[in-house]
Amino acid sequence: MAIALNSGLSEAATSNPHVLAWIRECIDLCQPDKVVWCNGSKEERQAMFEQGCTQGVFIRLNQQKWPGCYYHRSNSNDVARTEHLTFICTPNQDLVGVTNNWMNDKAAYAKLRELYRGSMKGRTMYVLPFIMGPLGSPLAKVGIELTDSLYVAASMSIMTRMGDVAWKQLGQGDEFTRCLHSLGDVNPDRRYICHFPLDNTIWSFGSGYGGNALLGKKCLALRIASFLGRQQGWMAEHMLLMGVQAPDGEKSYVAAAFPSACGKTNFAMLIPPEKYLKQGWKITTIGDDIAWMWADEKGQLRAINPEAGYFGVVPGTNMRSNPNAMKSIAKDTIFTNVALVPLEDGTYDIWWEDSDWPAPAKAIDWQGKEWKPGSNSKAAHPNSRFTAPMVNNPVLDPLANDPAGVPITAIIFGGRRSKTIPLVSQAFNWIHGVFMGAMLGSETTAAATGQVGVVRRDPMAMLPFIGYNIRDYLVHWFKMRKKMVDPPRIFTVNWFRKNDQGQFMWPGFGENMRVLKWIIDRSLGRAYAMETPLGWMPRPQDIDIEGLGMSEKDIAEAQSINLDDLKAEIMSQEELFLKMAGDMPKEMIFQRELLVSRM
């Protein structure tokens, strides 16, 4: 098939020999009936929605309540990232390490070529050129995704800076991530998400779920980017980025890593308590999921959010938990796998568990089945999603699109722990902070494992996303210290500690501002801390609890360290140490020995 070009594309798109050769190769393999080159315009996205409504890919929602919003239902066997079918493909397994699934790269190409062969017959191939990162940023990366999914094409136009801007950034160069995606027959037995870091290539087959199919997101922005970052001297991390502005106008920026179900998006869009709002404190969002960080020529760690949108979990999102997220999804948003509510005028509303409006008398659940209150199943899938443009966020930071990024004052690691781990502590230094991040753990729920309180180690909240050997990943964190003159201070937080009665010891949500203020003050050298075996901690009187109905004794309890619990914690860290065996960096071993000695 000849490559048909849409009018209005730049000369770079039509003449880059590397792009044209690769696309021809993929067309010959997949054999689509039609090729559409996308320009990323709003008009094009609207045309995709119109076409999708005709084809049944999208359902238009009531435009008075949900202007510009559409509904998409994925296959019921395809509703989450499939980590066990996600592979890093290299010539040898040592490049991949013990925490990733490995497949020999030549074997992977051979296996997937047979799956792709003719997979787009009768379908349209969409050519999606995109940039991860603000245009002109030193870390901005160009990707091109070829997909047969209209949902993916529309979603990528929200989640990335897509279109002609990418061709301009790429020019005649060859440095772009080659992303090939096909829905295939959405069969889990023929589902593979394969990354080829040495080739800067991603092949995804058999899944239409965002985390497996929007290849600019976890696949490029974390797995491939983390590999490129190690090669090029920067970091790709599973972190939110937020701005904290004090009443006097002083602005600080914080990066924070939390495993799933630990309030990451809520923290990124935090609304300070009334007292702090009246004083003039402001929180702004750079990003809610991914941060790319590098040391500038002055040795200052800086960061950008490579994404242009939010791909967030819907259930539990409401005006009480996250008003800014609700405002962000109020228009121009794709909702996936929530409940669909038919209205009398023939249009549709949506509903999900914990939404702000009452449950409907009847609805169509995420599987397309009739649902009523009292049904034994969830109306919305627990992992149902929204895809929303970040420009919708009312507290979007003014520097969110600045190619120079923002200077990072503090890095925070946090997990869901019911005991042992205190409310907040500070690492003694960068290397101790890396140890704290590497030992990050979060408790699973009964729904996930059948056992409550099982601690799953998730180093830097990056375990599923490190695109190479975890040994080299940790060493890269240590090496980054040499590039910085004055590195950000590193902290751990735990909003989820419980007392003996099973009650949370800290109110969380917007009240986390009180802990965040101490973190900022501590990073800037104007807050007191006391030394403990785990790190520097605030004294009870150092955390503002005015109006919380808490006493300094309550804070002391939330900060307390039980030596028996701490010994059990150190023993449970054996899991990662044993898994890595002789590959554990010596700095990690020394830090563990220092912790034991401090006890």
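**Strand 9 and its partners**

I started with strand 9 and strand 11 (residues 201-205), which pair in the parallel sense over five bridges. This is a predicted model, so I am reading everything below as computed from it. For a specific pair, I looked up R178 and found T201 as its bridge partner in strand 11.

Then I went to the pairing with strand 7 (residues 141-147). Six bridges join strand 7 to strand 9, and the two run parallel. R178 turned up again here, as the strand 9 bridge partner of I144.

How many of the residues of strand 9 are buried? I got seven of seven for residues 176-182, so I have put the strand down as mostly covered.

**Helix 3 against helix 5**

Next I checked how helix 3 (residues 42-55) packs on helix 5 (residues 150-159). The angle is about 155 degrees, and the axes are 10 Å apart. Anything over 145 degrees counts as roughly antiparallel, and I have therefore logged helix 3 and helix 5 that way. Their crossing is left-handed.

Which residues of helix 3 and helix 5 meet? From helix 3 I listed R45, M48, F49, Q51, G52 and Q55; from helix 5 I listed L150, A153, A154, S157 and I158. Sorted by class, this contact has six nonpolar, four polar and one charged residues.

**H72**

I looked up H72 and found it in strand 3 (residues 70-72). Is H72 buried or exposed? Its relative accessible area is 10%, and the cut-off for buried is under 20%, so I call H72 buried. Setting aside neighbours within four places in sequence, I see H72 in contact with V57, F58, Y151, I334, F335, T336 and N337.

Last, I traced an open, antiparallel sheet of four strands, in the order 12-16-17-25. Strand 12 (235-237) and strand 25 (406-407) are at the edges; each has a single partner strand, so one side of each has no neighbour in the sheet.

Inside that order, strand 16 (residues 291-295) and strand 17 (residues 301-304) are joined by four bridges and run antiparallel. I noted W292 standing opposite I304 of strand 17.

Two helices lie across strands of this sheet. Helix 8 (residues 216-232) lies across strand 12 and strand 16, at about 145 degrees to strand 12. Helix 14 (residues 470-480) lies across strand 12, strand 16 and strand 17, and I have it at about 120 degrees to strand 12.

Definitions and conventions:
Residues numbered from 1 in each chain as written. Predicted model: local features only at pLDDT ≥ 70, side-chain atom pairs only at ≥ 80, totals over all residues. Heavy atoms only, no water. Buried < 20%, exposed > 50% of the residue type's maximum accessible area, 1.4 Å probe, protein only. Contact = heavy atoms within 4.5 Å. Axes fitted to C-alpha atoms, helices over the stretch in contact; angles between N-to-C directions. Parallel < 35°, antiparallel > 145°, perpendicular 65-115°, else oblique. Left-handed = near helix turned anticlockwise from the far one by under 90°. Nonpolar A, V, L, I, M, F, W, Y, C, P; charged D, E, K, R; others polar. Pairing = 2+ DSSP bridges.
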